[in-house]
Amino acid sequence: MSMKSKILFLLLFLGISRMASSQPLVSKIETSSNDSAIVISYDLKENAIIKVYASKDNREYRPINNQFLIGDFGKGVKSGHKSIQWNVLQQDPKNDFRGEVSIGIKARPSFKPFILAQGAYSPIGQAAGGLMVGAVGTVGFYVRGESSFTGPKKCSYTCNKDGFIGEEPNAHQPFYSGKKANCEWQALGGLVVRMGIPLYLYAGGGYGVRERYWETIDGQWISNNGYSYKGFAGDIGLMGRIKHVAIAVGVNTINFQYLSFNIGLGYAF
């Protein structure tokens with residue numbers, strides 16, 4: 001009896017990971033066989049790392065040795081219609097695969113870099129810009145910098161949130177011109193986790209500084225401590241991808257006192 005008549009193929013998609021979308025990366029899995037090999041064809045939704053597994057009589061799945069595989073498997077498999085040939089009789093000349101054999105394909109997204117230009121805006125009226133770069137497959141990383149692109153002002157005095165200089169009972173409030181200025185920068189980094197196709201969650205932390213200045217009628221700048229913050233900077237947001245176009249939206253804070261929203265647009269390789 002030929003190998004073709006002795007093997008029953010049960011097609012099983014093993015899944016991407018516990019964090020993957022319900023949509024599989026692999027679809028339309030089909031098999032055919034000849035007297036010495038099994039041909040597995042499938043459609044791949046996006047570039048991925050492909051591993052092939054086999055299980056006899058529905059026992060534990062074990063990876064098939066790559067030396068007996070030919071075709072679209074391993075790292076950097078491009079999206080599209082793909083096929084793999086398993087030279088099963090070379091691997092198993094004694095015909096130990098008699099009985100019920102299941103074939104499994106595991107697809108893990110390829111590690112892809114991305115870069116986004118970002119703009120940020122705070123509800124108290126401050127704008128900033130920055131850059132976000134990183135790489136992600138199922139899990140990845142990012143680093144992000146943000147700045148108002150303005151330098152710190154030279155100040156002789158500091159005031160509280162209401163503009164008073166000094167301590168009670170000697171505090172006094174100068175005459176302000178109404179002109180205000182800001183200086184901000186943040187440096188952050190963290191993890192990117194794939195939530196689905198093609199949605200990612202990013203979260204991280206770092207250090208940030210935000211300073212607020214008020215001008216007096218005689219042209220002096222005073223640092224407003226009530227609206228100035230520095231220390232821990234936290235970051236959380238979502239990033240989506242449409243082919244090579246990456247879009248991100250998020251929120252970040254300095255010491256959980258200063259809040260800003262950001263949006264980014266860029267390129268996913």
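Helices (H or I, at least four residues) and strands (E, at least two) are DSSP runs, numbered from the N terminus. With that settled, Ser41 lies in strand β3. What you have above is a predicted model, where local features need pLDDT of at least 70 and side-chain atom pairs count only at pLDDT 80 or more, while totals for chains, interfaces and linings use all residues. Residues are numbered from 1 along each chain as its sequence is written, and side-chain values use heavy atoms, with hydrogens and water left out.

Back to Ser41. Is Ser41 buried or exposed? Buried means under 20% relative accessible area, exposed over 50%, and partly exposed in between, using a 1.4 Å probe and protein chains only. Ser41 has 14% relative accessibility, so Ser41 counts as buried. Glu30 is eleven residues away from Ser41 in sequence, and the two are 5.2 Å apart in space, C-alpha to C-alpha.

Next, the cores. A nonpolar core is a set of buried Ala, Val, Leu, Ile, Met, Phe, Trp, Tyr and Cys residues joined through side-chain atoms within 4.5 Å. The largest one has 22 residues, and Tyr42, Leu44, Ile50, Val52, Trp86, Ile103 and Ala107 touch the most other members. Strands β3 (38–44), β4 (48–56), β8 (80–86) and β9 (99–109) each supply at least two residues of this core. A second, separate core has twelve residues, among them Met132, Tyr202, Met239 and Ala246.

Now the strands further along. Two strands pair if DSSP finds at least two bridges between them. Strand β14 (residues 176–196) runs antiparallel to β12 (residues 139–147), with nine bridges joining them. Strand β14 is also antiparallel to β15 (residues 199–216), through 17 bridges, and a hairpin of two residues joins β14 to β15. Val192 in β14 stands opposite Gly140, and the bridge partner of Val192 in β15 is Tyr202.

Last, the aromatic pairs. Rings of Phe, Tyr and Trp (its six-membered ring) pair if their centres lie within 6.5 Å; planes under 30 degrees apart count as stacked, over 60 as edge-to-face and the rest as tilted. By this rule there are seven aromatic pairs. For Phe111 and Phe141, the centres are 6.5 Å apart and the planes at 35 degrees, so this pair is tilted. Tyr176 and Trp214 are edge-to-face, at 5.3 Å centre to centre and 85 degrees between the planes. Tyr176 lies in β14 and Trp214 in β15, so the pair ties together parts 38 residues apart in sequence. Tyr176 is partly exposed at 22% relative accessible area, whereas Trp214 is buried at 12% relative accessibility.
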